[in-house]
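Subject: The structure, and what turned up in it

Hi,

Here is the structure I promised to send over. Have a look at it first, and then read on for my notes.

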Amino acid sequence: MHDWPGHAGGEVPSPTLVAAWLTLDMVPAERIPRWAAFWLVDGCDGPALIELAGLHGDDPREVRDLLPAALAECRVAVPAAEAAAAMETFTHLAQLCVEGRAGERWIVDKVAEILRRSGYANEVIALPLGQLYDLDDEWGAGWGRTDAELRTVTRQACDDQLRLAAAHQAPPRTERT
């Protein structure tokens, strides 16, 4: 988790994405206090968020203990289901790839990490990026498809993931009679 593009420097992830990382046990505790300070500037408020923003970040347990209450003050629920957390995280990964901010091989490695953390849950594997299951082994061992083919498969899965996310965010259609 700690090597995500943009998150080492200036980019501040949304509370929604951090909530997904919390469910997947991928939270970089040392960065959370800084991000909490930015969430305060962005208009979120509450005593847990203020306390979290004031922490040094060197005690991961202290950060993790405050984080759920601080996220609630940001009006973000921590996903109870790993599939919901994976959906959020996979969509973010897909966006990074499509924007050219992350390479296909890195995406596959992160997907493999999320799949491992979820215990290879069927609901996570069923997501478009979850379909890249075991692609890290193929890529790493150099057997099977070429690098170009693997990049194409990964980009297609990213496009499919973004389409699925857009469909979930679209308002329901109503029939006209």
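Let me start with a question: is Y120 buried, partly exposed or exposed? Please keep in mind while you look that this is a predicted model. Y120 comes out as partly exposed, because its relative accessible area is 35% and the class of that name runs between the under 20% of buried residues and the over 50% of exposed ones.

Aromatic pairs

The structure holds 2 aromatic pairs. One of them is formed by W21 and W35, with 6.1 Å from centre to centre and 50 degrees between the planes, which makes the pair tilted. This pair links distant parts of the chain: W21 sits in helix α1 (residues 15-23) and W35 in helix α2 (residues 32-41), 14 residues apart. Both tryptophans, W21 and W35, are buried.

Y120 belongs to an aromatic pair with Y133, and here the arrangement is edge-to-face, at 5.6 Å centre to centre and 85 degrees between the planes. Distant parts of the chain are linked by this pair too. You will find Y120 in the loop between α6 (104-117) and α7 (122-125), while Y133 is in the loop between α7 and α8 (135-141), and the two are 13 residues apart. Like Y120, which is partly exposed, Y133 counts as partly exposed, in its case with 37% relative accessibility.

The largest pocket

If you want to find the largest pocket, its volume is about 220 Å³. The residues that line it are S14, L17, A84, M87, E88, T91, H92, A165, H168 and Q169. Two or more lining residues come from each of α5 (82-98) and α9 (147-169), and α5 gives the most, with 5 residues. By type, the lining divides into 4 nonpolar residues, 5 polar and 1 charged.

A glutamate in helix α8

Is E138 buried or exposed? E138 is buried, because its relative accessible area of 7% falls under the 20% cut-off. And which residues does E138 touch, once its neighbours within four places in sequence are left aside? E138 is in contact with W143, G144, R145 and L150.

That is everything I have for now. Happy browsing!

Best wishes

Terms used
Residues numbered from 1 in each chain as written. Predicted model: local features only at pLDDT ≥ 70, side-chain atom pairs only at ≥ 80, totals over all residues. Heavy atoms only, no water. Phe/Tyr/Trp six-rings, centres within 6.5 Å; stacked < 30°, edge-to-face > 60°. Helix = DSSP H or I, 4+ residues; strand = E, 2+ residues; numbered from the N terminus. Buried < 20%, exposed > 50% of the residue type's maximum accessible area, 1.4 Å probe, protein only. 1 Å grid on protein atoms, 1.4 Å probe; cavity = no way out; pocket = protein on both sides within 12 Å on 5 of 7 lines; lining within 4 Å. Points joined across faces, edges and corners; volume = space filled by probe spheres on them. Nonpolar A, V, L, I, M, F, W, Y, C, P; charged D, E, K, R; others polar. Contact = heavy atoms within 4.5 Å.
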